[in-house]
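Visitor: I would like to learn how to read a structure like this. Could you take me through it, feature by feature?

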Amino acid sequence: QVQLVESGGASVQAGGSLRLSCAPSKYDYRLACMAWFRQVPGKGREGVASMHVDGGTSYGDSVKGRFTISRDGVNKTTLYLQMNNLKPEDSDMYYCAADPTLAKPYCSEISKSNFPYWGHGTQVTVSS
């Protein structure tokens with residue numbers, strides 16, 4: 001079992017930037033696919049971005065060109081989300097998720113995947 005811990009959420013003004021981080025409790029564990037989701041109460045979960053350990057990234061349409069996902073650290077298990085040009089509609093709870101075996105093609109379709117490992121979330125609030 002792997003625990004994921006997100007950090008970096010904050011309150012910022014529109015146009016600002018934030019960098020979210022997600023660290024696992026075990027660094028010697030291979031996490032094939034890692035992803036960021038966001039969810040507003042009363043709405044469904046939205047896939048924000050994903051990245052496979054062998055390379056390849058995918059982004060939701062609403063964040064393309066503004067957000068960048070990356071992986072680093074031991075076994076590339078530390079996940080980041082660089083968020084630029086933030087908008088009020090980006091205000092959400094952001095969650096990190098991981099799957100130890102998800103193949104690369106499916107990692108780009110995270111809305112269709114059931115990730116077994118989740119963090120507790122970090123809040124991002126963007127004011128206009």
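Visitor: Let me start inside a sheet. Which residue of β8 stands opposite S70?
Guide: Y80 in β8 is the residue opposite S70. Keep in mind that this is a predicted model. The strands concerned are β7 and β8, which run antiparallel and are joined by 6 bridges. Strand β8 covers residues 78–83.

Visitor: In what order do the strands of that sheet come?
Guide: Read β1-β3-β8-β7. These 4 strands make an open sheet with antiparallel pairing. The edges belong to β1 (4–7) and β7 (67–72). Each edge strand has a single partner, so one of its sides has no neighbour in the sheet. On average, neighbouring strands here are turned by 15° against each other, direction ignored.

Visitor: Y80 has come up already. Which residue lies over the face of its ring?
Guide: R19 lies there, at 4.0 Å from the ring centre of Y80. Another case is R45, which lies over the face of W118, at 4.1 Å from the ring centre.

Visitor: Next, the backbone. What should I look for in phi?
Guide: Most residues other than glycine have a negative phi. Now turn to the loop between β7 and β8, where N75 is found. Phi of N75 is near 55°, a positive value, and N75 is not a glycine. K76 is found in the loop between β7 and β8 too. K76 also has a positive phi, about 55°, without being a glycine.

Visitor: How do N75 and K76 count in terms of accessibility?
Guide: N75 has 41% relative accessibility, so N75 counts as partly exposed. K76 is at 42%, and counts as partly exposed as well.

Visitor: Now the cysteines. How many disulfides does the structure hold?
Guide: First the general idea. A disulfide is a covalent bond between the sulfur atoms of two cysteines. This structure holds 2 of them. One is formed by C22 and C96, with sulfur atoms 2.1 Å apart. The torsion about their S-S bond is about -75°, so this disulfide is left-handed.

Visitor: Which parts of the chain does the pair of C22 and C96 tie together?
Guide: C22 lies in strand β3 (residues 18–24), and C96 in strand β9 (residues 92–99). The pair therefore ties together parts that are 74 residues apart in sequence. C22 is buried, at 0% relative accessibility. C96 is buried too, with a relative accessible area of 0%.

Visitor: Is the link of C33 and C107 left-handed or right-handed?
Guide: C33 and C107 form a disulfide with sulfur atoms 2.1 Å apart. Their link is right-handed, with 80° about the S-S bond. The pair links distant parts of the chain, 74 residues apart. C33 is in strand β4 (residues 33–39), and C107 is in helix α1 (residues 104–107). C33 is buried at 0% relative accessible area, and C107 is buried at 2%.

Visitor: What is the pairing if I number the bonded cysteines in sequence order?
Guide: The pairing is 1-3, 2-4.

Visitor: Aromatic rings next. How do I describe a pair?
Guide: A pair of aromatic rings is described by the distance of the centres and the angle of the planes. The count here comes to 4 aromatic pairs. Take the rings of Y29 and Y117, with centres 6.3 Å apart and planes at 75°. That angle is over 60 degrees, so the pair is edge-to-face. Y29 lies in the loop between β3 and β4, and Y117 in strand β10 (residues 117–118), so the pair ties together parts 88 residues apart in sequence. Y29 is partly exposed at 27% relative accessible area, whereas Y117 is buried at 9%.

Visitor: Which other rings form an edge-to-face pair?
Guide: F115 and W118 do, with centres 6.2 Å apart and planes at 75°. F115 is buried, with a relative accessible area of 7%. W118 is partly exposed, at 26% relative accessibility. F37, F115 and W118 form one aromatic cluster.

Visitor: Last, the confidence. What is the mean pLDDT of the protein?
Guide: The mean is 93, and 100% of the residues reach 70 or more. Among the elements, α1 has the lowest mean pLDDT, 90. Strand β2 (residues 11–13) has the highest, 98.

Note on methods:
Residues are numbered from 1 along each chain as its sequence is written. This is a predicted model: local features need pLDDT of at least 70, side-chain atom pairs count only at pLDDT 80 or more; totals for chains, interfaces and linings use all residues. Side-chain values use heavy atoms; hydrogens and water are left out. A disulfide is a pair of cysteine sulfur atoms within 2.5 Å. Helices (H or I, at least four residues) and strands (E, at least two) are DSSP runs, numbered from the N terminus. Buried means under 20% relative accessible area, exposed over 50%, partly exposed in between (1.4 Å probe, protein chains only). Two strands pair if DSSP finds at least two bridges between them. Axes are lines fitted to C-alpha atoms, for helices over the stretch in contact, and angles run from 0 to 180 degrees between N-to-C directions. pLDDT is the predictor's confidence in each residue, from 0 to 100. Rings of Phe, Tyr and Trp (its six-membered ring) pair if their centres lie within 6.5 Å; planes under 30 degrees apart count as stacked, over 60 as edge-to-face and the rest as tilted. A charge sits over a ring if NZ of Lys or CZ of Arg is within 6 Å of the ring centre and within 35 degrees of the ring normal.
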